[in-house]
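Hi,

Here is the structure I said I would pass on.

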Amino acid sequence: RKAFQDVGPDDKPVHISLYRGTVGKTSYIVSVSEFSKSYLSQPVKLIFDNARDGSLKRSGGTLVSEKDIKFNTIPGREIVVKAKEAGYVKARVYVYNLRQYSVMMAGEKESDLDTKEAQLFFDSFELKPLKRTIK
């Protein structure tokens, strides 16, 4: 686990907890971002757009695909990005319990993101209520 502070699109502090595991050349990542309540009170479409744009900026990549998804009744967005130098990343982003959750997988080829192992990883994710640390 890696925890750090950053600044959100609203110029307010964001506490980020990042969990990462690697098997071979494939990385499995979950991040929990605690943005300000005012930022997370805007429409989720805008939050998902910001998450996509941030991913593209950080990776220097291009958007391969994007679609709206749901986790039970919770809206989300799935994006696939071709990173400039590091292969492909699939991310599923949700806003729940005043947090942004990102479940990501990175592989060398786009087909690495659609394996049985990838499906097991994405299906293993659960959203549960937790206490906030940022007011």
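Predicted model: local features only at pLDDT ≥ 70, side-chain atom pairs only at ≥ 80, totals over all residues.

Numbering starts from 1 along each chain as its sequence is written, and side-chain values use heavy atoms, with hydrogens and water left out.

The volume of that largest pocket comes to about 930 Å³ (the space filled by probe spheres set on grid points, which are joined across faces, edges and corners). Of its 34 lining residues, Ala 51, Gly 54, Ser 55, Arg 58 and Met 104 sit closest to the centre. A pocket here is an open set of points on a 1 Å grid over the protein atoms alone, where a 1.4 Å probe fits, with protein on both sides within 12 Å along at least five of seven lines; lining residues have an atom within 4 Å of a point. α2 (44-59) gives the most to the lining, with eight residues.

On to the strands (DSSP E runs of at least two residues; helices are H or I runs of at least four, and both are numbered from the N terminus). Two strands pair if DSSP finds at least two bridges between them. β1 (residues 2-7) runs antiparallel to β2 (residues 13-23), with six bridges, and Val 7 is partnered by Pro 13. In their hairpin, Asp 11 has a positive phi near 65 degrees. Nine bridges join β2 to β3 (residues 26-34), also antiparallel, with Tyr 19 bridged to Val 30.

Cheers
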